[in-house]
Amino acid sequence: MKCPKEALTIPPLKPQQLSVAAARLDPPRLFEFLLPECTPIASRSREYTPEDAKFIESEVQRLLAAYIIEPARSPWRAQVLVVHQGPKKRLVIDYSTTINRFTLLDAYPLPNIEFMNTVAPARYYSSLDLRSGYHQIPLLEEERFYTAFEAGGELYQYKRLPFGVTNGVSAFQRSIDCFIKRYQLQKVYAYLDDLTVTGETIEEHDLNLKRFLDAAATRNLTFNGDKSKIRITSLRMLGYLV
């Protein structure tokens, strides 16, 4: 691969206005490995404190407005949980009593320590953090009904990859790996929603980064500018300093 004599001009990542639901990656088969005895389950409704009920309502409205969920007609019904993390709250769907009971594990491999040996020889790095990474992965329309959940007495389902399903991690990693392969991106490595672009020279790095950003733009991928780092010579990954 030939590199330019001078480094390319790479504009800084700016706050992006696109919704994460605008991303156009290929949808994975999330529920391909279901047990033969798979039978729809409508889990029992829960009661919530007034404060949690108000939080659930606001989160549902936010997800609807972002085109991440939609109203559902489904024989499946999971329940939501409100997880308190200090002063913050997080909405979680409890799929353990519904579809996860019948889902076999997708054994698609995740990067391990060998991943470090691949990245380490480079001299220049860029680390890009996908914004709400899971929600940049669409679901097949015929599989959405498996993700149905109750909130505020209504039934909703996910249009984008949800947290909490058995093979969510595998589906996400496979989708990003397929994106890298499809565009034949050089020296671009994915560990879930963290993508690393490398090069042994600044010219090689910048060419790889430009090709990556161009490909990402064609698929409307968006990044967290405040969590992404461009043209650095040291990088913390998986608890190690490269």
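Colleague: Which residues do ring pairs link into a cluster?

Modeller: This is a predicted model, in which local features need pLDDT of at least 70, side-chain atom pairs count only at pLDDT 80 or more, and totals for chains, interfaces and linings use all residues. Residues are numbered from 1 along each chain as its sequence is written, and side-chain values use heavy atoms, with hydrogens and water left out. Rings of Phe, Tyr and Trp (its six-membered ring) pair if their centres lie within 6.5 Å; planes under 30 degrees apart count as stacked, over 60 as edge-to-face and the rest as tilted. The cluster joined by ring pairs consists of Phe31, Trp76, Phe102, Phe145 and Tyr146.

Colleague: How are the rings of Tyr134 and Phe163 arranged, stacked or tilted?

Modeller: A search of the whole structure finds 11 aromatic pairs. For Tyr134 and Phe163, the ring centres are 4.4 Å apart and the planes lie at 5 degrees, so the pair is stacked.

Colleague: Which parts of the chain does the pair of Tyr134 and Phe163 link?

Modeller: Helices (H or I, at least four residues) and strands (E, at least two) are DSSP runs, numbered from the N terminus. Tyr134 lies in the loop between β4 (124-129) and β5 (149-151).

Colleague: Is the pair of Phe149 and Tyr156 stacked or tilted?

Modeller: Both Phe149 and Tyr156 are buried, that is, under 20% relative accessible area, with exposed meaning over 50% and partly exposed in between (1.4 Å probe, protein chains only). Their ring centres are 5.9 Å apart and their planes are at 35 degrees, so the pair is tilted.
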